[in-house]
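Please keep the sequence and the structure in view.

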Amino acid sequence: MLWYTETKQKLYQILETSDHGLSSSEVKRRQQEYGLNQLDGKTDSLWKTIIEPFRNVFVAVLVTAALASLLSHEVLDSIIIGIIIFINAIVFYTQHYATQRVLRSLKKHSESTVLVRRNDKDVEISSTELVPGDVIIVQEGDRIPADVRVVHTDSLQVDESALTGESVPIQKHASTLTSTRQIYEQDNMAFQGTYVVAGAAQAVVVATGSRTEFGRIADLASGETEQSPVQMKIDKLVALLIKIIAVIVVLVFILALIRGIPTGEAIRFALSLSVSAVPEGLPVALTVIIVLGMRRMAKQHALVRSFKAIEDVGLITTIATDKTGTLTKNHLSVVENWSPLKTTTALSMIQRTIDSKASKADPLDIAIAESAVHSISNPTRLYPFDATSRMSGAYYQKSGELIVKGSPEHILANAHTSAAERHEAESVMHQMASNGYRVIAVAFASGIATAPVDLLHIEKRLSFVGFVAFADELRPDTARAIRAAHAAGINVKLITGDHFETALSIAKSVGLASHPSEVITGQDLPKESAALQTATRQHSVFARILPEDKYRILQSLKETEITAMTGDGVNDVPALANAHVGFAMGSGNDIARDTGDIVLLKDSFSTIIKAIGEGRRIYDNIRRMLFYLLSTTIGEVVTMIGALAFGLPLPVTAIQILWINLVTDTAMVLPLGLEPAEDGHMRRPPRRPKEPILSRVLISRIVVIAATIAIVTITAIITLENQGFSLAEIQTIAFMILIAAQWMNALNARSEYASAFRRLTTLNRGLGIGFLIAFTLQMLVMFGPLADAFHIQPVPVSLLVGWSIAAMVAVLFAGEAHKWFVRRSTKRRTA
């Protein structure tokens, strides 16, 4: 329904209401029909929160491993794996609760009271009780509680930045509009979630709850949540691992039968091996480092609401940012003033149009007051903004002066100026406007003995003074942060509801655009998908954009990019919900915060760049952890298969494998997840969206390290068997070899390309502590009270030390040799 095209009489007829308001009985009937005037943000149900930590392929693999352990009569293994799954869930629930608690403390109480006319009386009620047809009265400072049509206004100005992105207040009137209008052109409508900054009005409610513009936009955000790109990469890796394990199990079973092992024993051995091939410590390690990353980001004023977001933020290739409140402070200030007069300035004159109690709600008056060096004088009478004359002003009886400010076109048309003076003034005005400034004209009339009834009476007596330009103040760190984003290979797109000139001016100021051809308006956006992709690729600035346009732009960008969206208003909600990562401003609208994946407690674009840097560190550390766990786990499996193939005794027992996978792996892998970022991690391009989580370089290194571990261990077994050592003694030494190899492999994992020796200059206290814990626990197993439980036999210490050193040297050498070869190959390709 185009409410803005209806006359007041027709409007009342359609809504079956009047200036007297609705009756109590009619209100009850309509409340039953339309429900409460409220809209809930995007929140997950309790059951979704409960099952969230179990909704990934790796946990399914762990459950399968636990069942396999039960079938192999390894009850202890099964119990331990179950405990791991439980711990992983508990860590998730704890962090989820902490995050939600902070969000609840941030959340503004959106329910407010409103003055409504019922039974021909003005009463205050909760805004949730409003129904279509209610007649309400709003005034300065009020939040518009529903979509309303203005039927009477007293200089009403509304801040619609939360809905349209327009940072300058909109003057509203009660006249009927013709033809179809965009939401930012509907000057006789006021919308839920916007604020009255000046004046007052009587209005009739035309839509409540989900039927408001606010609700309609929120519906765009209600689609299904997509799987995290990082989780997709990990799931692909795990799926590949499952296939490899299946092949290994079949191979081991066949080899066992060939060696004459009974069928039942061969099945149990194959199942035990499948359990050993699963890096059980990975889910807990991933959860813990993500939680710690979330807490580090919280110290940087970024509250992460979901694990998905912190996994993905390091992969971002494009940031689509709002202007108001993100790049700017959402605070108008005086940036320029001009006057053809030599005796005064436009700024000093405009400061005399307000008093010392200037409106704390009108952004223009606030900016004028803040620009004053000296105290503001108090006029005899103030004139509020008048829609007919399009001016406001102040009268000083002592000097007989009336000073006005208002529309530049209107004041120039009525002030006494020559053709040359008007031409010069219009040139300055257009130049200011082209810079994206809000331009206000100043004029005065002298020799007025008594205060006029209104400003219409003095229009023809005005003398033109000049112009004052206002702009939404840029945040001081914005340009620097955008340069950092570009240095990191990240594209930045400005998407705003502001005018073309304003958007271009801001973009030029922060380094996003240098020419008007880089700007496109919402009306010029192509409708066809392929053409829209071309437009989003070629343009860096999008002006006069509606919420639906933002949604389409984000959908187009997501086809080829890992995309982040920033925003603080209702107009940003669909895009926030559909971006890979949504950054919501902490000072923004409730529903925007509820929709965003990360809430910026400090409204600054630089906080986003810091979050991306932290995300890259976490993603790199996930790769380090995967490399470490898979290379050591595959090393164990290849060792077991090699021993079976060569007719050698089994290198380690089932409980020893479990100790390696759970205790040693966990003690070393968690510190790797906390590894400091490498130099230049924010000066390299982001990883390609479809690039697998483990590159060919890391996969080939995993193979090299696994083969090295297997070769050293099998060599030791053959040597020790020839020297006449018993099975238990051989397994004791092999157990220590595998442990020592893992210790050294942690140094290999610290960097993908840099030498382990060079990386020693970067301190990781956690790794040192992890090694001390792993070493202490291992000594308790080898020489302490736990020896019997792990089937440890006394062997010469020289053998343990000698073979352990051999394993460590071999693993370090293999890793260094592979890195050297990769660096050399890369250098040749780039030469």
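## The open sheet

In this predicted model, six strands form an open sheet with antiparallel pairing. Their order is β10-β15-β14-β13-β12-β11. Two strands sit at the edges: β10 (328–338) and β11 (381–386). Each of these pairs on one side only. On average, neighbouring strands are turned by 20 degrees against each other, direction ignored.

Strands of a sheet pair through backbone hydrogen bonds, either parallel or antiparallel. One of the partners can be named: T328 is bridged to L474 in β15.

## A helix across the sheet

## Two packed helices

Two packed helices are described by the angle between their axes and the distance between the axes. Helix α22 spans residues 605–645, and helix α25 spans residues 727–748. Their axes come within 10 Å and cross at roughly 150 degrees. The cut-off for roughly antiparallel is over 145 degrees, so α22 and α25 are roughly antiparallel to each other. Their crossing is right-handed.

Which residues of α22 meet α25? They are F627, Y628, S631, T632, E636 and T639. On the α25 side, the contact involves L738, Q742, N745, A746 and N748. By class, the contact residues divide into 4 nonpolar, 6 polar and 1 charged.

Notes: Residues are numbered from 1 along each chain as its sequence is written. This is a predicted model: local features need pLDDT of at least 70, side-chain atom pairs count only at pLDDT 80 or more; totals for chains, interfaces and linings use all residues. Side-chain values use heavy atoms; hydrogens and water are left out. Two strands pair if DSSP finds at least two bridges between them. Helices (H or I, at least four residues) and strands (E, at least two) are DSSP runs, numbered from the N terminus. Axes are lines fitted to C-alpha atoms, for helices over the stretch in contact, and angles run from 0 to 180 degrees between N-to-C directions. Angles under 35 degrees count as roughly parallel, over 145 as roughly antiparallel, 65 to 115 as roughly perpendicular and the rest as oblique. A crossing is left-handed if the near helix is turned anticlockwise from the far one by less than a right angle, and right-handed if clockwise. Contact means heavy atoms within 4.5 Å. Ala, Val, Leu, Ile, Met, Phe, Trp, Tyr, Cys and Pro count as nonpolar, Asp, Glu, Lys and Arg as charged, and the others, Gly among them, as polar.
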